[in-house]
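Subject: Structure for your files

Hello,

Please find the structure below. My notes on it follow directly after.

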Amino acid sequence: MSSKKNPPKESQLAGTQTPDRANTNAKLQSLETFRSDATGQALRTNQGVKVADNQNTLKAGDRGPSLLEDFIMREKITHFDHERIPERIVHARGTGAHGYFQAYESHAALTKAGFLQDPEKITPVFVRFSTVQGPRGSGDTVRDVRGFAVKFFTEEGNFDLVGNNMPVFFIQDAIKFPDFVHAVKPEPHNEMPTGGSAHDTFWDFVSLVPESAHMVIWAMSDRAIPKSLRTMQGFGVHTFRLINAQGKSSFVKFHWKPKAGVCSLLWDEAQKLAGKDTDYHRRDLWEAIETGNYPEWEFGVQIVAEEDEHKFDFDLLDPTKIIPEELVPVTPLGKMVLNRNPDNFFAETEQVAFCPGHIVPGIDFSNDPLLQGRLFSYTDTQISRLGGPNFHEIPINRPLAPNHNGQRDAQHRTTLDKGRASYEPNSIDGGWPKETAPAASEGGFESYPERIEAHKVRQRSPSFADHFSQARLFFQSMSPTEQEHIISAYSFELGKVEREFIRAREVNEILANIDLTLAARVAANLGLPAPKKGTVDVPQPSLKQSPALSQMNLLGEGIKGRKVAVLVADGVDGVSVDSLVKALEAESAQIKILGPSSAPVKTAQGKALAVDASMEGMPSVIFDAAWVPGGKASLQALAGDGVALHFLLEAYKHLKPIGLASEAQAVLDKLGLKADSGLLLGNDDKAYKAFITAISKHRVWEREAAAKAIPA
Ligand code: HDD
């Protein structure tokens, strides 16, 4: 309620944290000696001179020309003129958070990586979530893949797991990445569209490149419009290796599973949110952390023994393939908790530099040709984005482990290396810094000594040739609702494509090979003939369905962090508001009291009730659920208030649980809505419980047919 209006800062929460949480945060922050706090400090120039007047340029007379000698003004303006750095070529729009990783137990049998050995060890992490296509200021809720990049500050150096919220990728070989990115980015002549793939160049490319079919169907699924960053799965995508102290290597795929479950927006919600709250995802993450509802993910791996590399009907090195979890379940390794917001967006979220090539002993690459190319691209991109090869010295990128070596100079070097010898071997500085033996106890990095015997060729392995069977597996593993959403997404996107031959090629040469019903339904929506058969023979995969792919099977526990709107007007029953809020707060939901305006309302008991916002200021699309408490005058006012009625109707259309006081039947009648498992009437704990259960199911799917008739 009002306590939620101005959520306490993390530091203010210290007293309410469990000692465990407070200790973890204090420990992590004590490692960061570079934060600067200006509290109590004089305003000075960059050279340390105290500034007496920050309001006026030095002039010849108070109406005269400005003087060039004004070093204070010149320094300030010059710095301002150079404030921008190039945004990321892809994944420009992002948001970050600090947190920690903790292993559940020792995983020494699997890897010698230090951060996975000891359940007592807390490893700091910084995570950056992003969209791919749009620029820095683009909307959060566009249909797009989401980046899920994690920097582990381990004692043995930084490990960057630079993944996405989808487990596959559009292309199989890194040399195609610039082509793919040029196709998906806004079109070159008019720089449209911003943040989306619904345009000719994207569909031209993907309809010509069948290896993209699997990833494109993920992008047309609800995974591409996540409800929140807290409800996304993350994937390392490629096959990696984990290596134990005895040198035994296993192939692994990395997974992040959100404790809050996997949930998505509806397309109508996503589009409206892009206008009503461009910052919807970053705000949600920020607020969840500020209010102590720390998002949490389980980190796990699918493990494939070295000798089983070839036992699947797809190639482990092909980044357009998953290993279905039904074939190889995910082994949980530990948890990641995000518990601290950055102090400074630019210094932390913008300057953080992820590189898939940042690994630590116990982890190694596979020969996935997409991964191999990424190992080059990221370091290269940071050099131009962050202005030189010293980007590892920027505070957010600094490893906790020391990093002595003979590399020196270059732009923005901040370390003052002592000693005379920046070469190795040397005898002048006693031979330091020295190499470390690779044995587990010593910790020197050693690449897995894979035996390679091959010709140098520019060829794709025949084992990468099947592009459709897993796209088909994905479609056929979806619930009917999810399938409908996929059909709508293809129809919407292709409907924006101007050239009919591109639409037709996607339908006939891609969709028909995935699933003929999918192709026929999309064709019908585009006014094209339904294809009778596909253009290639698609191999029969060993699985017909993978239930682990359907979000319907991936709901989280409880309603922690879910947002509930409570609609009030003058005359609301303050007692029932209190009891509802208590019931929801006990479940760690986030509650916002919304009134006709931002002014407090007067309860039936004559007290002032502070509201968090007006119903217009926080529209229904922001929320997971809504409640209308009792109070005759309040109900009467809401029943006559178009904004309130639209709020409820829209929440209903978006399949959100709605609870109303028993005496609110008139409001329902006015809206012409009938009660269902998520549209409840009641005033007591039993009703609150049913409401909470409905919220935990995320949406009232049974309502979908009825909701279609409600105007958007
Ligand atoms: Fe990439 C950024 C994820 C393929 C080249 N990529 C970037 C980010 C993520 C990914 C999450 C943003 C990191 C951040 O928040 O700063 N990229 C992926 C995944 C891929 C992938 C999961 C396939 C499995 N990427 C990929 C290829 C190439 C790149 C094949 C080039 C050959 N990616 C880049 C980049 C970026 C980048 C141009 C832009 C900014 C940056 O690196 O730091 O180098």
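Serine 250 counts as buried, with a relative accessibility of 5% (buried means under 20% relative accessible area, exposed over 50%, and partly exposed in between, with a 1.4 Å probe and protein chains only). The residue sits in strand E7 (strands, E, of at least two residues and helices, H or I, of at least four are DSSP runs numbered from the N terminus). Leaving out residues up to four places away in sequence, serine 250 touches Leu110, Phe240, Arg241, Leu242, Ile303 and Val304, where contact means heavy atoms within 4.5 Å.

This is a predicted model, in which local features need pLDDT of at least 70 and side-chain atom pairs count only at pLDDT 80 or more, while totals for chains, interfaces and linings use all residues. Residues are numbered from 1 along each chain as its sequence is written, and side-chain values use heavy atoms, with hydrogens and water left out.

Tyr378 (OH) is the single protein donor to the iron atom of the ligand, at 1.8 Å; donors are N, O and S atoms within 2.8 Å of the metal (3.2 Å for Na, K and Ca), and sites may look incomplete since water is not among the atoms. Tyrosine 378 belongs to helix H10, residues 369-385.

An unreviewed UniProt entry annotates residues 44-432 as "domain: Catalase core"; such annotations may be inferred rather than shown by experiment, and their positions are given in the numbering used here, with feature names shortened. That stretch is 20% helix and 19% strand, with 40 Å between its end C-alpha atoms.

On charged pairs, the count is 32 salt bridges, each being a side-chain nitrogen of Lys or Arg within 4 Å of a carboxyl oxygen of Asp or Glu. Glutamate 325 pairs with lysine 257, with 3.0 Å between the closest N and O atoms. These two are 68 residues apart: glutamate 325 is in the loop between strands E8 (296-305) and E9 (331-340), and lysine 257 is in strand E7 (residues 249-258). Lysine 257 is partly exposed, at 24% relative accessible area. Glutamate 484 and arginine 521 form another salt bridge, at 2.9 Å between the closest N and O atoms. Glutamate 484 is in helix H12 (residues 480-495) and arginine 521 in helix H14 (residues 516-526), so this pair ties together parts 37 residues apart in sequence. Arg93, Asp140, Asp277, Asp279 and Arg283 are linked in a salt-bridge network.

Last, helix H16 (residues 632-639) has Ser634, Leu635, Leu638 and Ala639 as its buried residues. Viewed down the axis of H16, they fall within an arc of 130°, so they line one face of the helix (the arc is that of the directions from the helix axis to the C-beta atoms). They pack against strands E11 (563-567) and E16 (625-628) and helices H17 (642-653) and H18 (665-671). Exposed residues Lys632 and Gln636 are on the face of H16 turned away from the buried side.

Regards
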